[in-house]
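Below is a set of questions and answers on one protein model.

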Amino acid sequence: MQRLIREASFGLQVFAVNRSHGLLAVADKGPRPEILVYSTHNVQLLAAISLGYHLGYSALAFSEDGERLLICGEEPDNKIVVYQWRRKLVLASGTPAHGFGTVRQASFHPYDHDRLAVT
């Protein structure tokens, strides 16, 4: 895992794994944090995602099919994004209810792929 993080990074903040499709997403810390998506089969970088968040990411989760990534930002951004990472497309975005705070865990609903669960 150590060799996956770029030199300019301040370290690993959160990660998500999709074992069925051999995917690993890692979010680093730093002035311009990125999410890097790798193949676990050959440690090949598949995508670098930068959504303009200021301080980093608080939670990540892959959809069951591995095509979508649920991305939650740290404060002050506090934004939740469903991102189709292969096509570089934001499918949906929003913020938690007022007073909710930073999302620390997130997942796609196992039976209804259009629903999310965050805490």
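Two strands pair if DSSP finds at least two bridges between them. Helices (H or I, at least four residues) and strands (E, at least two) are DSSP runs, numbered from the N terminus. This is a predicted model, in which local features need pLDDT of at least 70, side-chain atom pairs count only at pLDDT 80 or more, and totals for chains, interfaces and linings use all residues. Residues are numbered from 1 along each chain as its sequence is written, and side-chain values use heavy atoms, with hydrogens and water left out.

Q: Which residue of strand 3 stands opposite A25?
A: Strand 2 and strand 3 (residues 35-39) run antiparallel and are joined by 5 bridges. Across this pairing, the residue opposite A25 is V37.

Q: Which residue of strand 2 is the bridge partner of A16?
A: Strand 1 (residues 12-18) is antiparallel to strand 2, with 6 bridges between them. The partner of A16 in strand 2 is A25.

Q: Is strand 2 largely enclosed or exposed?
A: Buried means under 20% relative accessible area, exposed over 50%, and partly exposed in between (1.4 Å probe, protein chains only). In a regular strand the side chains alternate between the two faces of the sheet. Here L23, A25 and A27 on one side are buried, as are L24, V26 and D28 on the other. Because 6 of the 6 residues of strand 2 (residues 23-28) are buried, the strand is largely enclosed.

Q: Which residue in the turn between strand 2 and strand 3 has a positive phi?
A: The hairpin of strand 1 and strand 2 has 4 residues between the strands, and G22 takes a positive phi near 65° there. The hairpin of strand 2 and strand 3 has 6 residues between its strands, and the turn residue with a positive phi, about 140°, is G30.

Q: How many residues apart are E67 and R86?
A: A salt bridge is a side-chain nitrogen of Lys or Arg within 4 Å of a carboxyl oxygen of Asp or Glu. The side chains of E67 and R86 meet this rule at 3.1 Å, N to O. E67 lies in the loop between strand 5 (57-62) and strand 6 (68-73) and R86 in the loop between strand 7 (80-84) and strand 8 (89-94), so the pair links distant parts of the chain, and the separation is 19 residues.

Q: What is the relative accessible area of R115?
A: R115 forms a salt bridge with D112, with the closest N and O atoms 3.0 Å apart. D112 is partly exposed at 29% relative accessibility. R115 counts as exposed, and its relative accessible area is 54%.

Q: What is the geometry of the aromatic pair Y53 and Y57?
A: Rings of Phe, Tyr and Trp (its six-membered ring) pair if their centres lie within 6.5 Å; planes under 30 degrees apart count as stacked, over 60 as edge-to-face and the rest as tilted. A search of the whole structure finds 1 aromatic pair. The ring centres of Y53 and Y57 are 4.9 Å apart and the planes are at 35°, so the pair is tilted.
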